[in-house]
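Please read the points below alongside the coordinates.

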Amino acid sequence: MIQFFADYLDNLAELHTEIMKAIRYLPPEAMDWVPFPGGNSLSVLVVHTAGAEKFWLGDVVAIEPTGRDRPAEFKAKGLSIHELEAILNESLGFAELVLGNLDLDDLQATRINPRDDQEVTLAWVLGHTLRHTALHLGHIQVTRDFWQNQDQGD
């Protein structure tokens with residue numbers, strides 16, 4: 001794998017590690033707890049993050065349909081820590097396969113962003129995917145903090 005893509009994969013793996021650090025020792029009921037009406041649980045955030053990674057890297061970069069069901073990601077419930085970790089690991093493995101087939105010239109290639117029908121480069125897609133995962137890592141960390149401190153305001 002070209003070093004740029006290996007480094008990208010390392011960054012993505014580091015974000016996955018931080019996600020697991022944030023949730024690994026929480027009780028099972030914390031995974032489905034919603035911090036406020038309309039908010040997302042930790043399970044939803046993890047499943048959605050992995051689903052988005054696979055969508056952008058698979059459907060968009062590799063032009064390989066992943067069968068993503070985005071609405072179902074927001075209904076994720078009842079998943080154990082081990083299942084959530086397996087979902088993240090599967091997404092990372094998929095990313096490794098996609099990235100391993102790219103070369104630096106591919107970064108300039110264009111695709112149509114299915115969200116708004118705008119043309120984007122693969123470089124943009126890769127940056128967006130990493131940024132999206134990092135954003136949801138922050139959401140996961142804040143949701144964990146809310147869970148851990150929910151009754152201390154009384």
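1. A salt bridge here is a side-chain nitrogen of Lys or Arg within 4 Å of a carboxyl oxygen of Asp or Glu. The structure holds five of them. One joins the side chains of Arg68 and Glu73, with an N to O distance of 2.7 Å. Arg68 is partly exposed at 23%, whereas Glu73 is buried at 5%.

2. Some notes on provenance. The model is predicted: local features need pLDDT of at least 70, side-chain atom pairs count only at pLDDT 80 or more, and totals for chains, interfaces and linings use all residues. Residues are numbered from 1 along each chain as its sequence is written, and side-chain values use heavy atoms, with hydrogens and water left out.

3. Glu18 and Lys21 form another of the salt bridges, at 3.2 Å from N to O. Helices (H or I, at least four residues) and strands (E, at least two) are DSSP runs, numbered from the N terminus. Glu18 and Lys21 both belong to helix H1 (residues 3–23) and, being three residues apart, are separated by about one helical turn. An α-helix has 3.6 residues a turn, so residues three or four places apart point the same way. Glu18 is partly exposed, with a relative accessible area of 25%, while Lys21 is exposed at 55%.

4. Arg144 and Asp145 also make a salt bridge, their closest N and O atoms being 2.9 Å apart. Asp145 is partly exposed, at 33% relative accessibility.

5. Helix H3 covers residues 42–61, and its 20 residues should span 28 Å at 1.5 Å a residue. The expected span is taken as 1.5 Å times one less than the number of residues. The end C-alpha atoms are 27 Å apart, which agrees. Of the 20 residues of H3, 18 are buried, so the helix is largely enclosed by the rest of the structure. Just after H3, Ile63 takes a positive phi of about 50°.

6. Leu57 is in helix H3 and is buried, with 1% relative accessibility. Contact means heavy atoms within 4.5 Å. Leaving out residues up to four places away in sequence, Leu57 touches Ala62, Phe94, Ala95, Val98, Leu126 and Thr129. Its C-alpha is 7.8 Å from that of Val125, at a sequence separation of 68 residues.

7. Which residue does the side chain of Thr133 meet in a polar contact? The partner is Glu53, at 2.7 Å. A polar contact is a pair of N or O atoms within 3.5 Å; within protein, one must be able to donate a hydrogen and the other to accept it, and residues adjacent in sequence count only if both atoms are side-chain atoms. Thr133 sits in helix H6 (residues 122–148) and is buried, at 0% relative accessible area. Beyond four places in sequence, Thr133 touches Leu12, Leu15, His16, Thr49 and Glu53.

8. Gly127 is also in helix H6, and is partly exposed at 39% relative accessibility.

Methods. Buried means under 20% relative accessible area, exposed over 50%, partly exposed in between (1.4 Å probe, protein chains only).
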